[in-house]
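Work through the exercises below with the model open. Try each task before reading its solution.

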Amino acid sequence: MSSTFEKQLSQREAINALPLYPNEEVMWDESLVPSINYTGEGCLALPKLNLQFLTLHDYLLRNFNLFRLESTYEIREDIHDVLQRMGAYINDDAGTSFRGWARMAVPIKEFKIIEVKQPNIGEVKPSAVLAEVTFSISRYRGSMRSEWDELKEHDVLFFLSVQPPLKTLSKEEVVGLTVPERFGLLYVRGCEVIEMRDEGGHLMNDFTGRVKREEWKPPQGEIRTALVALDTAQYQIDVNAIAEKNAEDVYGTFNVLMRRKPKE
């Protein structure tokens, strides 16, 4: 009786409650995002785009769902490529090290959440969650270093938590495993860049007028610090999981920072 007459969650409210960026559970859910080996024999539970739809809202909702799944697939492929190139392994100190490198990803030196703002009126999730991530670009030269130095406000980055298997898997063992199981990928979280600073603490790629043109200097050193805005909806989900299910603190496990091409 109570469930019948309780206030129902509108579609707009449900969409606003969704995380902005896909996490590891959505990316490798074959029922939502099929792999490239999909043969077309079965029917996928995807909204269809044709000339028949109920309302304009229904048409926009189908486009939103399809765009979200398409973006998720592309991000998943980028993460797979990065994990293959970086070659994570367990070192002598039982920590994660990397024997390889990737153009689009770097190991994280330090990550910390610096501010969690109060929710807006009528909302449960925080209004903003700010964090700082520090990384080194010492292994890059030329155009690769320039690409990292060109990170600017509103660019999207992804935090990866990688804990590889203790033993090297054989080819037979790898066949039946998913990408997270094969490479030890635990968590994926997205964020948006607010500002970038060089090793001297100077602001980089600022378009707000805080750095005058005549005061501009080339970036110093090899250490970069990014102030980023985390996904507030995903942060609230993670906090609730810690409180209710005694889950692991996701934000204390990140060890890889991944970027994508700006046009993607």
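The exercises cover a helix, its strand neighbours and the nonpolar cores.

This is a predicted model, with residues numbered from 1 along each chain as its sequence is written. Local features need pLDDT of at least 70, side-chain atom pairs count only at pLDDT 80 or more, totals for chains, interfaces and linings use all residues, and side-chain values use heavy atoms, with hydrogens and water left out.

**Exercise 1. Describe H8 from its start to just after its end.**

Solution. 
- At the start, a side-chain oxygen of aspartate 231 comes to within 3.2 Å of the backbone nitrogen of alanine 233.
- Now the length. The 14 residues of H8 reach 19 Å from first C-alpha to last, close to the 20 Å expected (1.5 Å times one less than the number of residues).
- List the buried residues: Thr232, Ala233, Gln234, Tyr235, Gln236 and Asp238. They pack against E3, E4, E6 and E8.
- Just after H8, asparagine 246 has a positive phi of about 55°.

**Exercise 2. Find the strand partners of E3.**

Solution. 
- Pairing requires at least two DSSP bridges between two strands.
- E3 runs antiparallel to E4, with seven bridges. Glutamate 115 has leucine 130 of E4 as its bridge partner.
- E3 also pairs antiparallel with strand E9 (residues 256–259), over three bridges. Here proline 107 stands opposite valine 256.

**Exercise 3. Which residues have the most contacts inside the largest nonpolar core?**

Solution. 
- Define the set: buried Ala, Val, Leu, Ile, Met, Phe, Trp, Tyr and Cys residues joined through side-chain atoms within 4.5 Å.
- The largest such core has 26 residues, and Phe111, Phe159, Val228, Leu230 and Leu257 have the most contacts inside it.
- Strands E3, E4, E5, E6 and E8 each give two or more residues to this core.
- Check one member. Beyond its neighbours within four places in sequence, valine 228 contacts residues including Val129, Val133, Phe159, Cys191 and Ile194.
- A second, separate core has 21 residues, among them Trp28, Ile75, Met86 and Leu160.

How values were computed: Buried means under 20% relative accessible area, exposed over 50%, partly exposed in between (1.4 Å probe, protein chains only). Helices (H or I, at least four residues) and strands (E, at least two) are DSSP runs, numbered from the N terminus. Contact means heavy atoms within 4.5 Å. A polar contact is a pair of N or O atoms within 3.5 Å; within protein, one must be able to donate a hydrogen and the other to accept it, and residues adjacent in sequence count only if both atoms are side-chain atoms.
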